[in-house]
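Got a minute to go through some labels and check what each one rests on? Have a look at the structure first, then we'll take it piece by piece.

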Amino acid sequence: MGVPLRPVAARSVYREVAPPAALADVVACGWHGRTGWARPLRVLPDGCADLVWDGEALTVVVTVGAPLRLWVPASASRVGVRLRCGAAAAVLGTAMPELSAVTRLSDLWGADARLAEEQLASAVPEAQRGILETLVARRGATPDRRVLGAVQALGTATRTSDLAVGISERALRRHFVHAVGAGPKQLHRVRRFQRFLRLLEPLAAGRTTLAGVAAGLGYADQSHLGRECRRLSGSSPAALVRVAEKFQTCPVSARQDRVHVPSHHRGAR
């Protein structure tokens with residue numbers, strides 16, 4: 001979630017916390033966010049799915065293709081759990097391509113989700129993430145280990161052909177589409193873009209260059225990096241670096257974000 005360059009009273013806050021050990025296979029993190037002022041917010045694709053409570057509804061937010069644009073009111077508070085990439089289909093009980101970018105959880109889980117919404121509405125903010133974690137734990141989901149292994153390998157692979165999980169490329173794509181909502185090649189693009197986002201601060205500080213980053217991440221050249229940035233974020237690499245943008249979809253430390261994400265932002269949950 002982006003944080004604006006505004007007075008302290010108007011700052012947005014986004015913090016992540018590690019999941020309980022028992023949920024580490026299916027939950028990447030829990031998080032809490034509060035917007036400083038009303039604005040459109042971009043959520044950038046990361047291949048994950050989040051269960052999000054916004055004070056009124058419990059939804060599933062999926063980001064695997066293009067930036068998602070959400071309108072958030074001033075001082076809006078959200079709490080969520082991010083399901084690990086490749087684990088969401090098992091937890092949700094549905095193939096990921098069947099979901100829209102934002103889906104009401106009650107449309108999937110019926111009474112269980114509606115009961116969770118009642119509990120969340122009556123709980124203090126500090127207890128809401130625990131309610132979501134309990135909701136996930138009750139599903140007893142077992143993700144496809146082959147998909148999880150391939151997703152992890154994509155974090156460092158420069159080509160999808162580097163993956164070796166004991167099944168054919170065709171079968172792997174079928175499993176990926178079901179569990180992630182995209183094939184290995186598309187997810188590889190998204191994961192590589194996420195690695196680029198983690199280098200925004202060094203780029204802004206002048207400790208590296210766009211050409212060097214492009215080569216290090218396996219892009220054909222700096223122009224290739226630029227095309228991918230525009231497809232997946234709506235911004236050029238230079239524009240992202242200039243404002244040192246921070247997004248919910250890339251890891252952040254347990255402190256306030258510092259900068260505003262432009263109005264076309266798609267990547268903040």
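Val60 sits in strand β5, which covers residues 58-62. Keep in mind that this is a predicted model.

Q: Why is Val60 called buried?
A: Buried means under 20% relative accessible area. Val60 comes out at 1%, so it counts as buried.

Q: What makes up the contacts of Val60, once its neighbours within four places in sequence are left aside?
A: Here a contact is heavy atoms within 4.5 Å. By that rule, Val60 touches Ala49, Asp50, Leu51, Leu92, Leu99, Ala101, Val102, Thr103, Leu105 and Leu108. Take Leu105 from that list: Val60 and Leu105 are 45 residues apart in sequence, yet their C-alpha atoms are 6.1 Å apart in space.

Q: How do you know whether Tyr14 and Trp31 are buried or exposed?
A: Go back to the 20% cut-off for buried. Tyr14 has a relative accessible area of 0%, so it is buried. Trp31 has 1%, so it counts as buried too.

**Two helix pairs**

Q: Why are α3 and α4 called roughly antiparallel?
A: Angles over 145 degrees get that name. The axes of α3 (residues 111-122) and α4 (residues 125-137) cross at roughly 165 degrees, coming within 10 Å. So α3 and α4 are roughly antiparallel to each other. Their crossing is right-handed.

Q: Which residues of α3 and α4 meet?
A: From α3 there are Asp112, Ala116, Gln119 and Leu120, and from α4 there are Gln128, Ile131, Leu132 and Leu135. Sorted by class, this contact has 5 nonpolar, 2 polar and 1 charged residues.

Q: What makes α5 and α6 roughly perpendicular?
A: The range for that label is 65 to 115 degrees. Helix α5 (residues 145-154) and helix α6 (residues 169-180) pack at about 90 degrees, with axes 10 Å apart. That puts them inside the range, so they are roughly perpendicular to each other.

Q: Which residues make the contact of α5 with α6?
A: Arg146, Val147, Ala150, Val151 and Leu154 in α5 meet Leu172, His175, Phe176, Ala179 and Val180 in α6. The classes here are 8 nonpolar, 1 polar and 1 charged.

Q: Why does Glu133 count as buried?
A: The cut-off is under 20%, and Glu133 is at 13% relative accessibility, so it counts as buried. Glu133 is in helix α4. Beyond its neighbours within four places in sequence, Glu133 is in contact with Pro20, Leu23 and Val81. The C-alpha atoms of Glu133 and Pro19 are separated by 8.1 Å, although these residues are 114 apart along the chain.

Q: Why is Glu98 called exposed?
A: Exposed means over 50%. Glu98, at 62% relative accessibility, therefore counts as exposed. Look for Glu98 in the loop between α1 (88-92) and β8 (102-104). Its C-alpha atom is 8.3 Å from that of Gly181, a residue 83 positions away along the chain.

Q: What makes Asp144 partly exposed?
A: Asp144 has a relative accessible area of 23%, so "partly exposed" it is. Asp144 is in the loop between α4 and α5. From Asp144 to Ala179, 35 residues along, the C-alpha separation is 8.1 Å.

**The whole protein**

Q: How many helices and strands are there, and what share of the residues is buried?
A: There are 11 helices and 8 strands. Buried residues make up 52% of the 269 residues.

How values were computed: Residues are numbered from 1 along each chain as its sequence is written. This is a predicted model: local features need pLDDT of at least 70, side-chain atom pairs count only at pLDDT 80 or more; totals for chains, interfaces and linings use all residues. Side-chain values use heavy atoms; hydrogens and water are left out. Axes are lines fitted to C-alpha atoms, for helices over the stretch in contact, and angles run from 0 to 180 degrees between N-to-C directions. Helices (H or I, at least four residues) and strands (E, at least two) are DSSP runs, numbered from the N terminus. Angles under 35 degrees count as roughly parallel, over 145 as roughly antiparallel, 65 to 115 as roughly perpendicular and the rest as oblique. A crossing is left-handed if the near helix is turned anticlockwise from the far one by less than a right angle, and right-handed if clockwise. Ala, Val, Leu, Ile, Met, Phe, Trp, Tyr, Cys and Pro count as nonpolar, Asp, Glu, Lys and Arg as charged, and the others, Gly among them, as polar. Buried means under 20% relative accessible area, exposed over 50%, partly exposed in between (1.4 Å probe, protein chains only).
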